[in-house]
Amino acid sequence: MAATQADDSALVAAWQAGSAEAGGVLVQRYYPNVRRFFDVKVPRVAEDLTQRTFLAVQESLGRFRGESSFKSYLFGIARNQLLRHLRSSARAQAFERKVAFGGPSHRTSLSMIVANRQEHHLILLAYAKLSPDQQIAVELFYWEDMSTSEIASVLEIPVSTVTTRLSRARGVLHDKIVELTQPGAVRDRLLGQLDAWTRSLVPRPQT
Amino acid sequence: MAEVFLARPIGDPRSVVYALKCILPHFADDPRFVQMFHRELTIATGLCHPNLVSVLDHGREEGRHFMVMEYVHGADLAKLLRTTGEQDVRPPLAAALSVVLAVARGLHHLHEWPGKHGGAPGFVHRDVSPSNVLIGFDGSVKVADFGVATATAHTRTTDAGGVKGKMGYLSPEQCRSEALDRRSDVFALGVLLYESTLGERLFYAENDYAVMHQIVSAEYDPPRERDPEYPTELEAIVLKALASAKEDRFETAGAMADAIEAFAEAQGLTLGNEAIASWMSSLIPWEPYPAFAATPPEPPSVTPTVAAVPAPPPPSRWPMIAAIAVPASVGVLVAALVLIAGRDPDPPAPSPAPAAAAPAPLAAPSPQPPTPAPPNVPQPAAVDPDLALLNGGNAEFEGDTALLDPADFAEGDAEDPHSPAPTTQRRKKRRRKKPKSRRPKYDLDAPRPPQ
C-alpha cells in the first residue's frame with residue numbers, strides 16, 4: 001500500500017505539472033473504487049457522481065498539498081458529492097414518490113460487489129440501516145483497506161471519532177443481522193466472522 | 001431479454017391483434033433466458049381468467065422462441081399512476097379499488113390454479129407491480145408477466161442472487177430470500193392498494209438495499225399519516241395486507257378482494273370497469289385500435305431459413321415467417337404471422353406498400369444472416385416504455401433478469417410441479433443445455449469461510 005501511495009504521489013505531482021497521462025493513470029486506477037462508492041448507495045446517479053468527482057478532483061488539483069493520501073483526498077471529494085446529492089434528493093423525494101412508477105430499475109451492479117451469498121445479502125440489508133457517514137467509514141475501512149487516519153481525513157473528524165464510529169457501525173450491523181435472521185447456522189456463521197464477511201463483499205485481486 | 005410485437009395472422013386483416021413475445025436474438029441460445037421463457041409458458045398456458053393475460057400459443061421459429069398472448073389495448077397501471085402524479089391529483093377511490101380488486105381476483109385464480117396437468121395449487125406470481133397490471137381503455141384489468149412466477153414448492157430460500165421481482169413490491173420474506181407462498185403476493189397487493197389509493201410510492205429510497213430495509217423493517221407511513229382523511233376501514237385492509245408476518249396477512253388474495261368489496265359496499269362505491277375506464281379517459285387520450293398500415297408482403301419461402309437452422313424444431317401452428325418494421329399507431333413494431341394449422345396457408349397477394357411504410361425485414365427470412373449482436377451488450381428495448389403493456393407490462397424486464405440466479409433455471413426446477421416427465425428427446429436436450437452455475441452454491445452444511 002505504501003508503494004501505491006508513493007506511486008500516487010508521483011503521479012499527482014506529474015498531473016499537477018501538466019501531465020494528462022499521469023492523470024489518466026490515476027483516474028483509471030481509482031475509477032472502479034469511486035464508482036462502487038456511489039453504486040452501493042445511489043445507483044441511479046452513480047455514473048454521474050463518479051464523473052463529477054473526478055472533474056472536481058481535476059479542478060481542485062492545485063489545492064492538493066499532499067497532507068493526506070491522494071486516495072483520502074479523492075474519497076473526501078466523493079463524500080462531498082454524495083452528501084450534496086442526498087440533500088437535494090431529500091428535497092425532491094416528495095414529488096418523486098408521486099411519479100416514480102414504472103421505469104427502469106436501478107440495482108447495484110453485482111459486478112461491483114460479491115453479493116452472491118445469503119450472508120452478503122444480509123450484510124447489505126443491515127448496511128442500509130447505517131447513516132451515510134457510518135456507511136462511508138465501514139466501506140473505506142473494509143473495502144478500501146484505508147487506515148483510520150485516512151478515513152479521518154475523508155470524514156474530516158478526529159481519528160478517535162473514526163474508531164468510535166466504526167465500533168458503533170459494527171454494533172448496528174450486529175443488531176440488525178440478529179433482527180433479520182432466525183437463530184441458526186447462518187446467523188452464527190455471520191456474526192462469528194462479521195469482519196471477514198464484510199470484507200469479502202468486494203472482489204480482491206488474487207495474491 | 002424479450003421483445004414484444006403487435007401481431008396478427010397473415011391473410012386475416014380482420015383478426016384481433018395479438019402480442020407476440022420473442023426472446024431477443026442474442027439471448028436465444030442462453031439457457032437461462034430460454035428456461036425463464038419456458039417458465040412463463042408453463043405457468044401461463046392454460047390459465048383462463050378475465051384478470052390474467054392469456055397465452056394463446058407458443059413455438060419456435062428460426063431459432064427464436066415466441067409466445068402469442070392476448071393484447072390489451074390500453075396502458076399499464078404504472079403509466080396511469082405516473083400520469084396521475086404528474087397532474088398532482090389522486091386516483092379516484094372507486095377506480096383504484098376496482099383495479100386492485102381485479103388484480104386480487106386474478107391472483108387468487110393463479111394461486112388456486114392446479115396447473116395444466118392438475119394437482120395441488122401452489123403458484124406464486126412474485127412480481128406483482130403496477131408495471132405488470134395492464135388496463136384496457138374499456139376498463140378491463142389483467143395481470144401479466146409470469147416470467148418469475150413459480151410453484152411454491154420450488155421457491156428458494158438461500159440464494160441471495162435469487163431475489164426476484166421489483167424493488168418496492170417485494171415481500172419481507174422475498175427480501176430475506178425465504179420460502180414464499182401466496183401471502184407474498186398478498187403483501188404486494190397491499191403495496192398496490194396503498195399506492196393506488198394514495199397515488200404515492202410506499203417503499204422508496206436511493207438504493208435497492210435501502211428499499212428492502214424499509215420493507216423488512218416495516219418502515220413506512222400508514223395511509224392516514226399521509227392523508228388524515230384516508231378511511232380508517234380501508235387503512236385496516238392495507239395494514240393487514242402489509243403485515244410483516246405473513247401469518248397476520250389475509251390468508252388469500254380472494255379474502256382481500258372480499259374485504260375490498262365489503263368496504264366499497266359500505267361506502268356506497270360502485271366498483272367495476274366503468275370506474276376504471278372513466279379514470280383512464282381522464283388521463284390518457286384514447287388511441288384507435290392498432291391497425292396495420294400495409295398489407296404484409298407475400299411471405300417468402302421459409303425453406304432457406306429453415307434449412308439454415310441446424311436442428312429445425314417441429315412445425316409450429318404459428319410459424320413466424322415474416323416480420324416487418326412498420327411504425328404502428330402505438331409506436332411498436334408490427335409482426336406478421338400466418339396461420340397454417342388445419343388449412344393451407346393462403347397468403348394474400350402482395351400489394352405494393354406505401355413508401356413510408358415499406359416493410360423492412362426484421363427477423364430472418366432474409367438470405368443474409370442477421371448481424372449478431374455483441375455478446376453481453378444490453379440492447380435497447382424495441383418497445384416504448386410507455387407502452388409497457390406490450391412488453392409484458394414490464395419496462396424493467398431486462399434489468400430484472402440481472403439478479404436471476406442461473407441455478408434457478410437448472411434442470412429439475414420445473415415450474416409446474418405436476419408436469420409429466422419430459423420425453424427422452426427433451427431430457428437429452430436439457431442435459432446438453434444445463435447451465436453451469438456461475439456462482440458458488442450456498443450450502444448450509446458446507447460453510448465456506450470468507451477470504
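Predicted model: local features only at pLDDT ≥ 70, side-chain atom pairs only at ≥ 80, totals over all residues.
## Helices α3 and α4 of chain A

In chain A, helix α3, which spans residues 46-59, packs against helix α4, which spans residues 70-99, at an angle of about 130° and with the two axes 9 Å apart. Angles from 65 to 115 degrees count as roughly perpendicular and those over 145 as roughly antiparallel, and α3(A) and α4(A) are therefore oblique to each other. Their crossing is right-handed.

On the side of α3(A), the contact is made by Leu49(A), Arg52(A), Thr53(A), Ala56(A) and Val57(A), while α4(A) contributes Leu74(A), Ile77(A), Ala78(A), Gln81(A), Leu82(A) and His85(A). By class, the residues of this contact divide into seven nonpolar, three polar and one charged.

## Helix α7 of chain A

Helix α7 of chain A, made up of residues 148-155, is mostly covered, with six of its eight residues buried. These buried residues are Glu150(A), Ile151(A), Ala152(A), Ser153(A), Val154(A) and Leu155(A), and they pack against α4, α6 (132-143) and α8 (159-180) of chain A. Just after α7(A) comes Glu156(A), which takes a positive phi of about 60°.

## Domains of chain B

The domain assignment of chain B gives domain 1, written as 2-72 + 288-382, and domain 2, which covers 74-283. Where these domains of chain B touch, 13 residues of domain 1 and 19 residues of domain 2 take part in the contact. The side belonging to domain 1 of chain B has seven nonpolar, four polar and two charged residues.

Terms used:
Residues numbered from 1 in each chain as written. Chains lettered and ligands numbered in written order. Domains from an automatic or database assignment. Contact = placed C-beta atoms within 7 Å. Nonpolar A, V, L, I, M, F, W, Y, C, P; charged D, E, K, R; others polar. Axes fitted to C-alpha atoms, helices over the stretch in contact; angles between N-to-C directions. Helix = DSSP H or I, 4+ residues; strand = E, 2+ residues; numbered from the N terminus. Parallel < 35°, antiparallel > 145°, perpendicular 65-115°, else oblique. Left-handed = near helix turned anticlockwise from the far one by under 90°. Buried ≥ 20, exposed ≤ 12 C-beta atoms within 10 Å, placed from the backbone.
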